[in-house]
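Here is a friendly walk through one model, from its charged pairs to its core and its sheet. Please keep the viewer open as you read.

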Amino acid sequence: MTRSSRPPHPAVQAALRRTYLKTSEVANLLHVSPKTVSRWAKEGQLPFMKTMGGHRRYPSDRINELRDGLRSETGWAEDAE
């Protein structure tokens, strides 16, 4: 029996393309402390997955969407730093 040459399911393709951020990277993007990021994750406010070693990793696309949404709500701009 041969394996089909069908492309992977779109959800699988998206997961393979997705990059993940460390807690400190998310903290820098959102201008909060790493402890705040961890607390938000525990409270279910940030999406994450856990590595085999038990570390949280955050999907970069979802974190960037959140950051962009916060910018538009507050009127905060990158060049205002």
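Three salt bridges are found in this structure, a salt bridge being a side-chain nitrogen of Lys or Arg within 4 Å of a carboxyl oxygen of Asp or Glu. Before looking at them, please note that the model is predicted: local features need pLDDT of at least 70, side-chain atom pairs count only at pLDDT 80 or more, and totals for chains, interfaces and linings use all residues. Residues are numbered from 1 along each chain as its sequence is written, and side-chain values use heavy atoms, with hydrogens and water left out.

**Charged pairs**

| Salt bridge | N to O distance |
|---|---|
| R39 and E43 | 3.7 Å |
| R67 and D68 | 3.3 Å |
| D68 and R71 | 4.0 Å |

R67 counts as buried, at 18% relative accessibility, while D68 is partly exposed at 38%. Shared partners in the salt bridges join R67, D68 and R71 into one network.

Helices (H or I, at least four residues) and strands (E, at least two) are DSSP runs, numbered from the N terminus. D68 and R71 are three residues apart in helix 4 (residues 60–74), which means that about one helical turn separates them.

**The core and helix 2**

Which residues make up the largest nonpolar core? There are nine in all: L21, V26, A27, L30, V37, A41, L46, Y58 and I63. Helix 2 (23–30) and helix 3 (34–42) each supply at least two residues of this core, and helix 2 gives the most, with three. The term nonpolar core stands for a set of buried Ala, Val, Leu, Ile, Met, Phe, Trp, Tyr and Cys residues joined through side-chain atoms within 4.5 Å.

T23, V26, A27 and L30 are the buried residues to look for in helix 2. These residues lie on the same side of helix 2 because they cover an arc of only 100° around the axis, the arc being that of the directions from the helix axis to the C-beta atoms. The buried residues of helix 2 pack against strand 1, helix 3, strand 3 and helix 4. Contact here means heavy atoms within 4.5 Å. Not counting residues up to four places away in sequence, L30 touches W40, L66, R67 and L70. Just after helix 2, H31 takes a positive phi of about 60°.

Three strands form an open sheet in the order 1-3-2, with antiparallel pairing; two strands pair if DSSP finds at least two bridges between them. Strand 1 (20–21) and strand 2 (49–50) are the edge strands, each pairing on one side only. Strand 1 and strand 3 (residues 56–59) pair in the antiparallel sense over two bridges, and L21 stands opposite Y58 in strand 3.

P59 touches R18, T19, Y20, P47 and F48, not counting residues up to four places away in sequence. P59 and K22 are 37 residues apart in sequence and 9.3 Å apart in space, C-alpha to C-alpha.

Definitions and conventions. Buried means under 20% relative accessible area, exposed over 50%, partly exposed in between (1.4 Å probe, protein chains only).
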